[in-house]
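Have the sequence and the 3D view ready, try each task yourself, and then walk through the solution.

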Amino acid sequence: MGKLITCITLLLFLISCSQKVEEPTFVHTVFFWMKDDLTEEEAKFFEEGMEKLGQTPSIHSYKWGKPAGTPRDVVDNSYTYAWIVEFANTEDHDAYQEDPIHVKFIEESSDLWTKVQVYDTILE
């Protein structure tokens, strides 16, 4: 019985070790101001492009959205889309910048926006 408990404990320990995922420490936030005459088709193309961009291997997780419209003086609601990406580390972020999926997204979509602002954050 003691050997069985030891084996089960060891098995549970090994399973927990294999499931550990490095916590993200690098957050890349991009705000896009799209051109004023953006069509519904172009907006859909851009949104689909962000979904494809999310498949970049070095990305830990991603989300995108539109301004919440919160009416406070300190809130900027002037952008059209926000793209928020978490990376395990700075190296993964750097790999993302050169990844063909990211390069293709910029090539295919850059004519749809008028301004881009990026904020990169290292989490403590």
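**Exercise 1.** Which pattern of α and β does the protein chain follow when read along the sequence?

*Solution.* Keep in mind that this is a predicted model. Start by counting elements: the chain has 4 helices and 4 strands. Then put them in order along the sequence, which gives α-β-α-β-β-α-α-β.

**Exercise 2.** Work out how helix 2 and helix 4 are oriented to each other.

*Solution.* Begin with the general idea: two packed helices are described by the angle between their axes and the distance between the axes.
- Step 1: locate the pair, with helix 2 at residues 40-53 and helix 4 at residues 100-109.
- Step 2: read off the geometry, an angle of about 170° with the axes 10 Å apart.
- Step 3: apply the cut-off, since angles over 145 degrees count as roughly antiparallel. Helix 2 and helix 4 are therefore roughly antiparallel.
- Step 4: find the residues in contact. Helix 2 contributes Phe45, Phe46, Gly49, Met50, Lys52 and Leu53, while helix 4 contributes Ile101, His102, Phe105, Glu108 and Ser109.
- Step 5: sort these residues by class, giving 6 nonpolar, 3 polar and 2 charged.

**Exercise 3.** Is histidine 102 buried or exposed?

*Solution.* First find the residue: histidine 102 sits in helix 4. Next, recall that buried means under 20% relative accessible area. Histidine 102 has a relative accessibility of 7%, so it counts as buried. Finally, look at its surroundings: beyond the neighbours within four places in sequence, histidine 102 contacts Leu53, Tyr96 and Gln97.

**Exercise 4.** Which residues touch the most other members of the largest nonpolar core?

*Solution.* This core has 17 residues, and the ones to pick out are Phe32, Met34, Phe46, Tyr81, Trp83 and Phe105. Now ask where core residues come from: strand 1 (26-34), helix 2 and strand 3 (81-87) each give two or more. Then zoom in on phenylalanine 105. Setting aside neighbours within four places in sequence, its contacts are Phe32, Phe46, Gly49, Met50, Leu53, Ser110 and Trp113.

**Exercise 5.** What does alanine 82 touch, not counting residues up to four places away in sequence?

*Solution.* Go to strand 3, where alanine 82 is found. With a relative accessible area of 7%, alanine 82 is buried. The residues it touches are Val30, Phe31, Lys63, Trp64 and Gly65. To finish, compare sequence with space: alanine 82 and valine 116 are 34 residues apart in sequence, and their C-alpha atoms are 9.7 Å apart.

Notes. Residues are numbered from 1 along each chain as its sequence is written. This is a predicted model: local features need pLDDT of at least 70, side-chain atom pairs count only at pLDDT 80 or more; totals for chains, interfaces and linings use all residues. Side-chain values use heavy atoms; hydrogens and water are left out. Axes are lines fitted to C-alpha atoms, for helices over the stretch in contact, and angles run from 0 to 180 degrees between N-to-C directions. Angles under 35 degrees count as roughly parallel, over 145 as roughly antiparallel, 65 to 115 as roughly perpendicular and the rest as oblique. Contact means heavy atoms within 4.5 Å. Ala, Val, Leu, Ile, Met, Phe, Trp, Tyr, Cys and Pro count as nonpolar, Asp, Glu, Lys and Arg as charged, and the others, Gly among them, as polar. A nonpolar core is a set of buried Ala, Val, Leu, Ile, Met, Phe, Trp, Tyr and Cys residues joined through side-chain atoms within 4.5 Å. Buried means under 20% relative accessible area, exposed over 50%, partly exposed in between (1.4 Å probe, protein chains only).
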